[in-house]
Amino acid sequence: AASPWASIHHALSQVHEARLSNRHAILVAAGTYTGGAFEMKAFVHLYGGFDPADWTRDLQANPTVLDGEGRDRVAFCADEAKLDGFHVRNGVVRGKGGGILCQSTSPEISNNVFTGNRTLAPVPWTPEFIHEIAHDGGAIAALDGAAPHIHHNLFVDNTTESGRGAAIAAHNHSPALISHNVFIGNVAGTNDAARSSDGGAVSAAFHSAADIFYNVMLGNRADGTNDGGGVFTERWSPIRVGGNVIVDNSSTDDGGGIYLSGQIHHYITDKEPLPPAERFTIKITGNTLVANRNRGGGFDSGFR
């Protein structure tokens with residue numbers, strides 16, 4: 001505590017024996033930390049919000065900022081890692097996961113504020129058909145079997161130029177648990193010419209059994225003639241959506257609040273066979289939906 005390391009990158013490099021029975025914690029003092037994306041380590045927990053004078057913790061009094069500086073994502077996830085108590089901002093990448101990328105990994109992400117993170121559209125981006133896969137997850141992308149627990153975070157003004165899930169995308173068999181978060185003013189598809197940017201707050205798709213519980217979603221948008229201003233799902237993803245407050249979200253096609261689909265979101269592929277009920281049952285219970293709308297005149301302003 002008397003002579004702390006100057007960077008998170010260096011602190012992580014000093015951890016060599018973290019394991020299930022020997023977890024490590026790294027305490028990070030207030031300040032702004034840059035230097036490019038860092039890779040979290042398994043069984044290592046990162047905690048922000050500490051006063052460097054006495055190492056007491058107060059998240060509001062001691063903001064600890066991880067800043068991508070508008071030119072890099074902030075972090076890559078690891079199994080059994082934790083990120084708690086940070087401001088994750090200005091992560092920008094021409095790929096998936098503007099702030100954080102969880103690729104086949106399952107961390108805990110809690111008590112953070114995500115602001116101004118974004119994914120840029122693919123280059124070149126002239127797909128032959130609409131509804132193609134682009135750069136998903138403006139703040140967080142959970143992909144390829146990732147199962148993060150994302151809870152008690154604030155997501156504000158995160159975007160995708162072309163990609164699903166302006167705040168969170170859980171795709172490709174990724175059973176993320178997304179609970180007790182607040183999503184405000186996140187926008188998918190700020191520069192989308194191919195209708196590939198559904199899910200203003202959250203997109204859970206491609207066989208991903210995400211649980212989306214007890215969140216507040218306010219004023220999120222799916223622009224570019226896309227669906228699901230609050231929540232979007234497709235491709236046989238047996239999501240559960242419960243206890244959420246979904247208010248004043250908008251789409252430019254269908255489902256201003258929630259959009260649900262089973263078949264792949266294409267018009268040029270053959271329909272897939274309906275999977276058995278034990279593999280595909282969507283459950284929507286106890287949500288409050290108020291004043292959601294589709295600005296483009298599609299079907300169902302609240303729920304589709």
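User: What counts as a salt bridge here?
Analyst: A side-chain nitrogen of Lys or Arg within 4 Å of a carboxyl oxygen of Asp or Glu. The model is predicted, so local features need pLDDT of at least 70, side-chain atom pairs count only at pLDDT 80 or more, and totals for chains, interfaces and linings use all residues. Residues are numbered from 1 along each chain as its sequence is written, and side-chain values use heavy atoms, leaving out hydrogens and water.

User: How many salt bridges by this rule?
Analyst: The count is 15.

User: Which residue does Glu234 meet in a salt bridge?
Analyst: Arg164, at 3.7 Å from N to O. Glu234 sits in strand β26 (residues 231-234), and Arg164 in the loop between β17 and β18, so the pair ties together parts 70 residues apart in sequence. Strands (E, at least two residues) are DSSP runs, numbered from the N terminus.

User: Is Arg164 buried or exposed?
Analyst: Buried, with a relative accessible area of 1%. Glu234 is also buried, at 1%. Buried means under 20% relative accessible area, exposed over 50%, partly exposed in between (1.4 Å probe, protein chains only).

User: Which residues are linked with Arg164 in a network?
Analyst: Asp198 and Glu234, through salt bridges.

User: Switching topic. What does Asp253 pair with?
Analyst: Arg195, at 2.5 Å from N to O. Asp253 is in the loop between β29 and β30, Arg195 in the loop between β21 and β22, so the pair ties together parts 58 residues apart.

User: And Arg23? What is its partner?
Analyst: Glu80, with the closest N and O atoms 3.5 Å apart. Arg23 is partly exposed, at 37%.

Definitions and conventions
Helix = DSSP H or I, 4+ residues; strand = E, 2+ residues; numbered from the N terminus.
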